[in-house]
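Work through the exercises below with the model open. Try each task before reading its solution.

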Amino acid sequence: MYPIISELLARFNDDLDTQAIVIDEDALQKGVSALRTHLPQGTWLVAADTNTWEVAGAELAANLDDAGLSWERYIVEEKPDGTAPMCTDRRIEEFEAALQSTGAAAGIAVGSGTVNDIVKLASHHQKLPMACVGTAPSMNGYTSGISAVLSDGVKTTIPCTAPKVVIADVDVMAEAPYRMICSGLGDLMSKPVSNADWQLSAWLNGTYHSAEAMEIIEAGAAMLDGVAPRLPDRDRQAVAGLTASLMLSGLAMSVAGSSSPASGGEHLISHFIDMTAIAYDKPHDFHGCQVGVGTITSGLLYEKLCALSPEDIDIDARVDDLAPWSDYEKLLKQRFGPLFDAVVKHARPAYPSPDRLRQRLTQLCDEWETLETHIGRTLRTGDSLENELRQAKCPIRFSELGVGHDRARRAIAHSKDIRNRYTILHLGWELGRLDQWADQVLVRLATREDAA
Ligand SMILES: [Zn+2]
C-alpha cells in the first residue's frame, strides 16, 4: 500500500529487525502470508487483552486457522480494579513463562501500548521473534526497538528487538477510541520541536545526528499533509496516512538506535505527567495526547529563545549562579520525593560543570545565527501546532489532560531532570529563564483558552 515503506525496509534491511509492514483495509487477512514468511514454524502465542481480542485477535486467529497455522491464545488480564493493565516486570515474566510452557516459536501482540510492550520485551528475553498487530494508531512504538516498562513505579524504556512483522488493519485502526487516534497525531506533531531539540544537542554538545533517520522522519511527516481535519470523520485514507507515518517514525528511531529523532522536551513533559500520575495517583492521558500539549509548549518556548539575542545573555552571571551539584541534589530530593532515586541517575550526568556551561553558552552566543539557519528551519510556531491539533479535535491544553496549573508548571520547569538528553528545557534552564518562560507560556495558553 505504501511503496516508500517497502523501499525503506529493503534499504535499511541490515539495521532493522522489521521485515514487513502491512497497512491495508483487510490487513488481518493479507498480513497472514507475511507472518508465515517471517516467523518461524511452530505454535505462535497470540497475546491480547479482552478488548483487542474482540476487535482484531479473533479475526486474525480465524485467518491463521484458515491458513493451517498453529496458535494459542494468551489474554493479558485487566487489573483487579478493572482498569487497563500496565507493562510491569511481573506481566513480562508471566508472558515469558507462557512462551516457555507452550513451547511457542514466536509471540504475536494484538494491541497497542501495553500488550505490545509486554510481548516485545518477553520475546526478546526468550530470544524469540515476535510480530505485532496494531489496534489503534495511537503511538509510534509499533516498529521501534524500545519497550516502555513500569519498573518499581518508574516508567523506563528498555531497548529490545523490534517486531519482525507489523500488521495494521485500517478498518480496525479507524474504529479505535477517538482519543487514541488523537494520541497518534499528537505523538507525530512533536516532529518540529523534537527535531529542533535533536539538532540543538548536536550543535551545542556534538551528539549524534543521523541524516538517514531524518530522511525517514521527513518522509513520514509528508504523509500527514491534510490528515488532521479528516480524522474526526475517521476517514480511512487519513487514518491510513497517520498509521503509515507512525510506522515510519518508529523505523527512524530504530535506524538511529535511539528515540532522539522523535522525542525531545515535549516528551519529557509527557513522561513527567506519567511519572507523577503513577507516584501520586493523579490523572493522566494517552501518551501522544500529552505529547501534543507538550509540543505546543515546546514551540512556545522556542519562540521565547528565538526572541533573545546574544546581548541578553550574561555568561559570567550564569556561571556564577550555577549551584554546586550537592545543592542541586538537595533541591531534586524536595522536588521529586519518592521519585528522586529514579530521577537522580539521569539528572547527575546531565548537570553541567561551570566550565561546560561557559563553553556551551559561549558557543550559543558566538554562533547565534545557527539558531535560524539550522534549528529554526525545522520549527513551527506554537500557534500553528495548536491549530493543526485543534482541527483534529485533539487536546491542546494541560487542563484537558486533567493536569492543573501547578503540575503543568512543574512539568515544564522540572522535567528536564528525568532524562539526560539536551533539549530546549535544558537550555532555558541554563539561561536562567525556564521558570519565567513556564509562567509566561501558561499565561499565554490560559489567555487563549478564554479567547477560544
Ligand atoms: Zn512518543
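A nonpolar core is a set of buried Ala, Val, Leu, Ile, Met, Phe, Trp, Tyr and Cys residues joined through C-beta atoms within 7 Å. Buried means that 20 or more other C-beta atoms, placed from the backbone, lie within 10 Å of the residue's own. The model is predicted: local features need pLDDT of at least 70, side-chain atom pairs count only at pLDDT 80 or more, and totals for chains, interfaces and linings use all residues. Numbering runs from 1 along each chain as its sequence is written.

**Exercise 1.** Find which residues of the largest nonpolar core touch the most other members.

Solution.
- The core holds 131 residues; Val-46, Ala-47 and Val-110 touch the most other members.
- Its largest share, 13 residues, comes from helix H10 (residues 236–256). Helices are DSSP runs of H or I, at least four residues, numbered from the N terminus.
- Domain 1 (3–176) and domain 2 (193–208 + 258–451) both contribute, so the core lies between them. These bounds come from an automatic or database domain assignment.
- Take Ala-47: leaving out residues up to four places away in sequence, its contacts (C-beta atoms within 7 Å) include Tyr-74, Phe-95 and Val-110.

**Exercise 2.** Determine where the buried residues of helix H18 (residues 382–391) sit around its axis.

Solution.
- List them: Gly-382, Leu-385, Glu-386, Glu-388 and Leu-389.
- Their arc is only 165 degrees, which puts them on the same side of H18. The arc uses directions from the helix axis to the C-beta atoms.
- Find their partners: they pack against helix H7 (178–189) and helix H12 (287–306).
- Look just past H18: Lys-393 has a positive phi of about 60 degrees.

Conventions: A residue is buried if 20 or more other C-beta atoms lie within 10 Å of its own, exposed if 12 or fewer, and partly exposed in between; C-beta atoms are placed from the backbone. Helices (H or I, at least four residues) and strands (E, at least two) are DSSP runs, numbered from the N terminus. Two residues are in contact if their C-beta atoms, placed from the backbone, lie within 7 Å.
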